[in-house]
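Here are my notes on the model you sent over. Have a look at the fold first, then read the points alongside it.

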Amino acid sequence: MFDLNIIKDPIFILDFDGKIIEKNEAGSASLALFFKEGIIKEPLLELFDLCLKENISKDIQLWENSNYLITFQKDNENRVIGQFSLLPKEITKSRFSKGKINFQEIIDNLPLNLYLKNPSGVIIYINPYFQKSKTGLNKNFLGLTVIDYLDIELAKKVQAEEKEIWKSGQPRMTEKTMIVDGQTKSFLIGKVPAEFPDVGKVLLCYSIDVTQQKETSEILKKEKELAEASSKAKEQFISVISHEIRTPMNTVVGMTNLLLQSQHYPEQRDYLNALKASSDNLLAIVNDILDLSKIESGKIFFEQTDFSLRNLLEDLKKTFAFKAAEKNVLISLNVSNDIPVFLKGDPFRLNQILLNLISNSVKFTEVGTIDIGADLIESSPKEVQILFTIKDTGIGIPEDKLSLIFESFTQANLTISRKYGGTGLGLTITKKLIELQGGTIGVESKVKEGSKFIFNLKFTRSQKTKIRTQPESSVNRFQGLDSLRLLVVEDNKMNQLVVLKFLEKQNIQADIAEDGPQALDLLKKKEYDLILMDIQMPGMDGYQVSEIIRKEFPEPKNSTPIIALTAMALSEVQEKNKSIWNQ
């Protein structure tokens, strides 16, 4: 038998004469309020009689300054069930006399579509905002359940949902679309089980018009997609243009190097050196623009590989030693002995950072010294933090320009740009690469005294312990390679010429394939010791050709060494390789 005491509202089961047959505990507590000697009082008789005629009747009545939603309903056993639901009290000035905030005061003034249901699903309150809304419920809905105003199937679905909310005690929120004044509107519909003083357990139901937020979200989404498409188009444009510039420039550089290695008149060497320097500068500019574009688009990645910091710095010193000696500039290197022999990080990006800073020092220092230093400033069992210093005795930077030198396309003044060249991107890229790795960079400088750049980076301690020994250099690095079987895959005629001329100087013969399919066909017919592969070719590119060789060719052809032959920047090739080969 159903336990009436689980319902907090007063419940009375009556016979058709209005006499009490059964009641719950709440009914016993309020018996004297509604009944006299076990029979309903006069104000209720009219509502009771209406139920006898129409099987159900509802009304809101005032009993001792409290509003009650009173429902009479016949059951199948010739009885009438009466439920007396206490409604939230009307707000009076006395409610605020002690500085207390009333529950109904809050919900009456909320700019929110809100109504309350009792545990039986009866609407016991509708706030004024919702009553005025075009999608709202007016006072006529008070005392009704969803069965009274919704399609039966939908009503049962709502009742099942609300039953689950009461059972779980968890709120529920859904999004629904409605047509209001011929326009499609989006609403968030929420239902929250709650309990309040003077009201008891209720289901707090609300709806929020989120049409404008959704429209704004859609606009922002489209703008984001357009911005991403624009960024992608910009990246592709820069990549294509840089490749198209690099290809002929690499040919110019290659031909210049061939001419420098061949016999020529002494005065021609000056012309060739000038040509090579100009070509190298143009390639550096293209690489800087591409790097900056990749950084700004978030397409730059950092490796975690083992490397020797001392070896890296010594190699850099050797790289600039000849150029510095030409200017009577001495380069010194000081690496702190407490720095671990091996570190784990991105040696390529660190080399790029140091290369930019040291090349600037060499460029702007006419006489004196360039000091390169690395000191341990923090150490833990897992990682170390190193402070790098590049100090020179160059022309220096005016104090009012120090804050500008890290901005794109900025140099201290136009005279420097005209005299020394450059785009003003090197320091911008350097700063961004350092900050993307969690480090910082600063500068101290005085005009005619020199500059000191300082930056710090963290590295993971490496587990590697053995030092890689460099093989002894030979007089001819290509000695013994004249029997090498080589395949060159290159679509550009000028690049073919440069590669073949370099190889001929070392007595190396090679086959040329002008595209991917031709390369695969040659590899099927012949054995090769090495493949030089152009990456960017029309139709089937170098990555696709390499993948086919690795996956579809039999041993030992599928393990033939493949070296990239490309006009793309080295970092770009490395990152593409990672994404394709996951290595």
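The numbered points below go from the whole chain to individual sheets, helices and residues.

1. Ground rules first. This is a predicted model, where local features need pLDDT of at least 70 and side-chain atom pairs count only at pLDDT 80 or more, while totals for chains, interfaces and linings use all residues. Residues are numbered from 1 along each chain as its sequence is written, and side-chain values use heavy atoms, with hydrogens and water left out.

2. The overall picture. The protein chain has 17 helices and 23 strands; helices (H or I, at least four residues) and strands (E, at least two) are DSSP runs, numbered from the N terminus. Of its 583 residues, 39% count as buried, where buried means under 20% relative accessible area, exposed over 50%, and partly exposed in between (1.4 Å probe, protein chains only). Among contacts between residues at least 6 apart in sequence, 58% join residues at least 24 apart; a contact means heavy atoms within 4.5 Å.

3. The five-stranded sheet. Take the order E2-E1-E7-E6-E5: these five strands form an open sheet with antiparallel pairing, and two strands pair if DSSP finds at least two bridges between them. The edges are E2 (20-23) and E5, each pairing on one side only. From one strand to the next the twist averages 20°; axes here are lines fitted to C-alpha atoms, for helices over the stretch in contact, and angles run from 0 to 180 degrees between N-to-C directions. E5 and E6 run antiparallel and are joined by eight bridges, with lysine 58 standing opposite threonine 71 in E6. Helix H3 packs on this sheet, touching E1, E5, E6 and E7, and its direction makes about 170° with that of E5.

4. A closer look at H3. This helix (residues 42-54) has 13 residues and reaches 19 Å from first C-alpha to last, close to the 18 Å expected at 1.5 Å a residue; the expected span is 1.5 Å times one less than the number of residues. Its buried residues are Leu44, Leu47, Phe48 and Cys51. Seen down the axis of H3, they fall within an arc of 105°, so they line one face of the helix; the arc is that of the directions from the helix axis to the C-beta atoms. On the other side, Glu42, Glu46 and Lys53 are exposed. What covers the buried residues includes helix H2 (31-34) and strand E4 (39-40). Just after H3, asparagine 55 takes a positive phi of about 75°.

5. Glycine 38. Where does this residue sit? Glycine 38 is in the loop between strand E3 (35-36) and E4, and is partly exposed at 28% relative accessible area. Lysine 19 is 19 residues away along the chain, yet the two C-alpha atoms are separated by 5.9 Å. Leaving aside residues up to four places away in sequence, glycine 38 touches Gly18, Lys19 and Ile20.

6. Strand E19 and its partners. E19 (residues 450-461) pairs with E15 (residues 343-345) in the antiparallel sense over two bridges, and there leucine 343 stands opposite arginine 461. Nine bridges join E17 (residues 383-392) to E19, again antiparallel; isoleucine 386 stands opposite leucine 457. E18 (residues 440-446) is joined to E19 by seven bridges, also antiparallel. E18 and E19 form a hairpin with three residues between them, and lysine 448 in the turn has a positive phi of about 70°.

7. The parallel sheet. Four strands in the order E21-E20-E22-E23 form an open sheet with parallel pairing. E21 (510-513) and E23 (562-565) stand at the edges with a single partner strand each, so one side of each is left without a neighbour in the sheet. Helix H15 (residues 516-525) packs on the sheet, touching E20 (486-489), E21 and E22, and its direction makes about 140° with that of E21. Four bridges join E22 (residues 530-534) to E23; methionine 533 has alanine 564 in E23 as its bridge partner. Helix H16 (residues 542-552) lies across E22 and E23, at about 150° to E22.

8. Cysteines. How many disulfides does a search of the whole structure find? It finds zero, taking a disulfide as a pair of cysteine sulfur atoms within 2.5 Å. Cysteine 51 is buried at 0% relative accessible area, and cysteine 205 counts as buried at 1%.
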